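Please read it with the sequence and the coordinates open beside it.

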Amino acid sequence: MNTVVFEICAFILSFFCIIYSVIVKRAQYSPPRDIIGKLSSQHFVFLNLLTNVMLSSLASVVGYFLELNRSADTVFFQHLFHIMYYVFHTALPVSFALYIMNINGATLGRKKSFFVYLLSLFMLSELLVLSNPFTHLVFYIDESYVYHRGPMILFQYLCGLAYVLVGIYFIIKNKAAIPKNDFLTICIAIIVALVGIALQAAFANLYVELFFEAIAFLAMMLLLEDRTGEVDPITGSGSRSAFIRNVTKLLETDQSFSVIGIKLINLEFYSSLFSGQDIDLILKNVYGWLASVYPSDYIFHFRNEDFAIIVYNRSEREVEEFANELLAKFNYTWQSEDLTARLEAGVSVIRVPEDSDSVSEISQILSAPDSWFHNGQRICLSDDINLIKRDILIEKAIRLAVNERRLKVWYQPIWSAETGKIVAAEALVRLFDPVMGHISSEEFIPLAEKIGLISDIGTFVYEETCSFISRNNIETIGLDYIEVNISVYQFVEDGIVDKLERIRKTYGVRPDQLNLEITESVSSDEAPNLNSRMQEMNSLGYSFSLDDYGSGYSNLIRLINSKYKNVKIDKYILWNSEKNKDTSRLLDSLIKIIRSLGLNVIQEGVENEAQLSRVLNSGCNLIQGYYFCKPVPEDEFLNFVKTFNSKKDRKK
Ligand code: C2E
Ligand code: MG
Ligand code: MG
């Protein structure tokens, strides 16, 4: 059989692959474009690999036909094409090893000397080929113009084998740095190439090696080089999955780098003004600008409003400067065709591995809501990243606790100055996480409000309290009602009144056995239906307490107009009044004014006798604080109230 046909096929196949690869250039991360950068660029090395197959098969085919018509006239060209064959064939295993190392990140962060050592054997081998016209060590052509292998041909093959082994070593060593499917593809490609080499070695006239290799590389091109899913369809930048693959690769090869996140904070606002196409145009524009200031291979459209940039080989200070430079661009208006948008952005810098060393955590930090600007600024560095990481952990803990109904409700007594007894209590939620331990409500309630879980928590506490009231005859131990905190975010939801009513009726609880505490933590503009909803519930028999008075948006006019029964003065006002005379005067006046409106004043945070007499002297009539009792579990609470109130009865 005339096996030159295999080499012709190898040429056609590799030629096709090169054209396809060049036209459909995939979004890929690659380090800077100096010589090391080029050797470390997956796409560049892959094209190099294909070029070596194409040119060595071309040289082999031409050499074959020249030898068919050999004569004194052709001998020069016979030499020339055999040398060309060996030059490119020798380069094949090296580019194969480099390609493998590129895919799994083994070339990242390497110094020049590494590449010098790596390529030294290859250089020697090429030197041998190029000096062949004088030495005839690799091959020679005899007097009848017939080609023969030279004495050093074995050395050439051993060099090739060494590079294949280097490739295999790195594919196994850095296995975790690439997706499973990529690993399988490479293994299969290696096996196919090795079968070709073995066949050609076993049957001297069977020139199938290059053909098998071309097939292996075609498979690599279709499976490894085809990163269609890694191109963001909107902007053309790297997609979220490209980002994840690249970060995994960098992490698995122990690289230090930074990820800069850019969050277009007000994109949602423009989404409600512009069409989807217009928003795409804005995003494309942002990517276009980013790609003009930084190599596009590093830029990823991570999520709707989030871009991420991998910054490699820069000092911490340079990264921060770059982040500030990016931020500064968002002080200007963005113009795309006839669209004008004033985009606001927040920029975060995550240092890897110092701030985070897990791809899922980095992704979570990047997609964290605007809360990442803990410091109220538009740039978020290490300290803020740590706060976000804690938020992420707490969010996980809240979701788990809500799902598994692991939240607990504790009760804190409220003491009446008029009767000297415990007359009410506040129900307070408690979150105990198996890993993080007790998480303070002051920390997790605001987060639950932000992530939309407050309604579930609020409903749980409300239902637990109704169940508590129905299981225990609270009036017999002297309790009039239990206060339940209702977040404004929960209270303004559609259908909330029906829901609270349904639960209350299920447990057979009267509305006057409950009192709803509302903190006016948002302005009335943000909760326009708050008052009408309170009125509706007032008419059903519910009463309300205004919580944390003095810390939020509440003002006196609002107090006069609304239907509160109790006003709870913020504990920090009491505590500050001890240090500041003005605050002390303010506290006195507040208590007097609220009492004069006919409302009860509950002072929270009373921890000692001095504080107690201080607020009682000002006219405060209800007290809640550690002085009497901390929030405690149900049984402990019932025992405390029974003992406390019966002692009081005995004193009478
Ligand atoms: P809040 O509603 O103002 O509750 C009073 C907080 O002050 C409670 O903290 C209570 O333990 C604490 N406290 C009371 N007396 C003293 C005292 O003498 N000294 C000190 N150091 N602290 C005292 P907690 O339980 O950590 O709750 C914090 C906040 O979390 C609550 O403030 C409330 O805004 C929110 N929260 C708690 N449970 C719920 C709930 O079920 N739903 C909603 N929406 N919010 C809740
Ligand atoms: Mg409260
Ligand atoms: Mg309070």
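This is a predicted model: local features need pLDDT of at least 70, side-chain atom pairs count only at pLDDT 80 or more; totals for chains, interfaces and linings use all residues.

1. The magnesium ion (ligand 2). Four residues coordinate this ion, namely E426 (OE), N485 (OD1), E517 (OE) and D547 (OD), at 2.0 to 2.2 Å. Written along the sequence, the spacing of these donor residues is E-x58-N-x31-E-x29-D. E426 belongs to strand β11 and E517 to strand β14, so this pair ties together parts that are 91 residues apart in sequence. E426 and E517 are both buried.

2. The magnesium ion (ligand 3). The donors here are D547 (OD), D548 (OD), E604 (OE) and E604 (OE), at 2.0 to 2.7 Å, and along the chain they follow the spacing D-D-x55-E. Since D548 is in strand β15 and E604 in strand β17 (residues 600–604), the pair ties together parts that are 56 residues apart in sequence. E604 counts as buried because its relative accessibility is 7%, against a cut-off of under 20%.

3. The largest pocket. Its volume is about 1,100 Å³, and of the 41 residues that line this pocket, L428, S441, E442, D548 and K571 are the closest to its centre. The lining of the largest pocket divides into 14 nonpolar, 15 polar and 12 charged residues. At least two residues of this lining come from each of several elements, among them β11 (422–433), α16 (441–450), β14 (514–519), β15 (543–549) and α22 (571–577).

4. Aromatic pairs across the chain. The structure holds 30 aromatic pairs, and two of them are described here. F243 and F302 form an edge-to-face pair, with 5.3 Å from centre to centre and 85 degrees between the planes. This pair links distant parts of the chain, with F243 in helix α10 (residues 240–252) and F302 in strand β4 (residues 299–303), 59 residues apart. Both F243 and F302 are buried. The rings of F468 and F637 have centres 6.0 Å apart and planes at 55 degrees, so that pair is tilted. It too links distant parts of the chain, since F468 lies in helix α17 (residues 454–471) and F637 in helix α25 (residues 634–651), 169 residues apart. F468 is buried, with a relative accessible area of 0%, and F637 likewise counts as buried at 0% relative accessibility.

5. A ring cluster and charges over rings. Ring pairs join W415, Y627, F628, F640 and F644 into a cluster. There are also contacts between a charged side chain and a ring: R110 lies over the face of F114, at 4.3 Å from the ring centre, and K630 lies over the face of Y626, at 4.9 Å from the ring centre.

6. A position in helix α10. I244 is placed in helix α10, the helix that also holds F243. Is I244 buried or partly exposed? I244 is partly exposed, because its relative accessible area is 27%, whereas F243 is buried. The C-alpha atoms of I244 and Q624, which are 380 residues apart along the chain, are separated by 51 Å.

7. Backbone details to check by eye. V352 and P353 are joined by a cis peptide bond, with omega about 10 degrees, and P353 is found in the loop between β8 (345–352) and α14 (359–367). H136, a residue other than glycine, has a positive phi near 55 degrees; H136 sits in the loop between α6 (132–135) and β1 (139–141) and is partly exposed, with a relative accessible area of 35%. Y145 is not a glycine either, yet has a positive phi of about 65 degrees. Y145 is located in the loop between β1 and β2 (147–149), and at 25% relative accessibility Y145 counts as partly exposed.

How values were computed
Residues are numbered from 1 along each chain as its sequence is written. Chains are lettered from A and ligands numbered from 1 in the order in which they are written. Side-chain values use heavy atoms; hydrogens and water are left out. Rings of Phe, Tyr and Trp (its six-membered ring) pair if their centres lie within 6.5 Å; planes under 30 degrees apart count as stacked, over 60 as edge-to-face and the rest as tilted. Helices (H or I, at least four residues) and strands (E, at least two) are DSSP runs, numbered from the N terminus. Buried means under 20% relative accessible area, exposed over 50%, partly exposed in between (1.4 Å probe, protein chains only). A charge sits over a ring if NZ of Lys or CZ of Arg is within 6 Å of the ring centre and within 35 degrees of the ring normal. On a 1 Å grid over the protein atoms alone, a cavity is a set of points where a 1.4 Å probe fits but cannot get out, and a pocket is an open set with protein on both sides within 12 Å along at least five of seven lines; lining residues have an atom within 4 Å of a point. Grid points are joined across faces, edges and corners, and a volume is the space filled by probe spheres set on the points. Ala, Val, Leu, Ile, Met, Phe, Trp, Tyr, Cys and Pro count as nonpolar, Asp, Glu, Lys and Arg as charged, and the others, Gly among them, as polar. Donors are N, O and S atoms within 2.8 Å of the metal (3.2 Å for Na, K and Ca); water is not among the atoms, so sites may look incomplete.
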